[in-house]
Amino acid sequence: MDKVEILNVIRETGVIAIMRAQSSEQLIAAADAIKLGGVRAIEVTMTTPGALGVIAEAKERYGSDVIFGAGTVLDPETGRAAILAGADFVVAPTLNLELIKLC
């Protein structure tokens, strides 16, 4: 999916579910419920244990039916790792010009 298609999914859905959990297993179970509820955009915060693995597993499980992003990304190294794991978008709580350039 290209950037325009990802933005269209977010616009059409009208909401991005932000997920933070104690474990990756909780996140996948919650993602199943969120998808059933019609939300097609989910942000996994990097504060979740195993967040990169969750993103990779979710992308494999849902394909392009649901877009997954990485949240609470603080630096370009984490952003790169998230993108390599399959993140469709990256959310940063601070302004980091190197992260912006990477994305």
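Biologist: At what relative accessibility does D88 count as partly exposed?

Modeller: Happy to start there, with a word on the model first. This is a predicted model, in which local features need pLDDT of at least 70, side-chain atom pairs count only at pLDDT 80 or more, and totals for chains, interfaces and linings use all residues. Residues are numbered from 1 along each chain as its sequence is written, and side-chain values use heavy atoms, leaving out hydrogens and water. Buried means under 20% relative accessible area, exposed over 50%, and partly exposed in between (1.4 Å probe, protein chains only), and D88 falls in the partly exposed class at 22%.

Biologist: Which residue forms a salt bridge with D88?

Modeller: A salt bridge here is a side-chain nitrogen of Lys or Arg within 4 Å of a carboxyl oxygen of Asp or Glu. For D88, the closest N and O atoms of the pair are 2.7 Å apart. The partner is K59.

Biologist: Is strand 2 enclosed or open, and why?

Modeller: On one side A41, E43 and T45 are buried, and on the other I42 and V44 are buried. Because five of the five residues of strand 2 (residues 41-45) are buried, the strand is largely enclosed by the rest of the structure.

Biologist: How many bridges join strand 2 to strand 3?

Modeller: Two strands pair if DSSP finds at least two bridges between them. Strand 2 and strand 3 (residues 67-71) run parallel, and A41 stands opposite I67 in strand 3. The number of bridges is five.

Biologist: What is the angle between the planes of Y62 and F68?

Modeller: Rings of Phe, Tyr and Trp (its six-membered ring) pair if their centres lie within 6.5 Å; planes under 30 degrees apart count as stacked, over 60 as edge-to-face and the rest as tilted. Y62 and F68 are both buried. Their rings are stacked, 5.7 Å centre to centre, and the angle is 20°.

Notes: Helix = DSSP H or I, 4+ residues; strand = E, 2+ residues; numbered from the N terminus.
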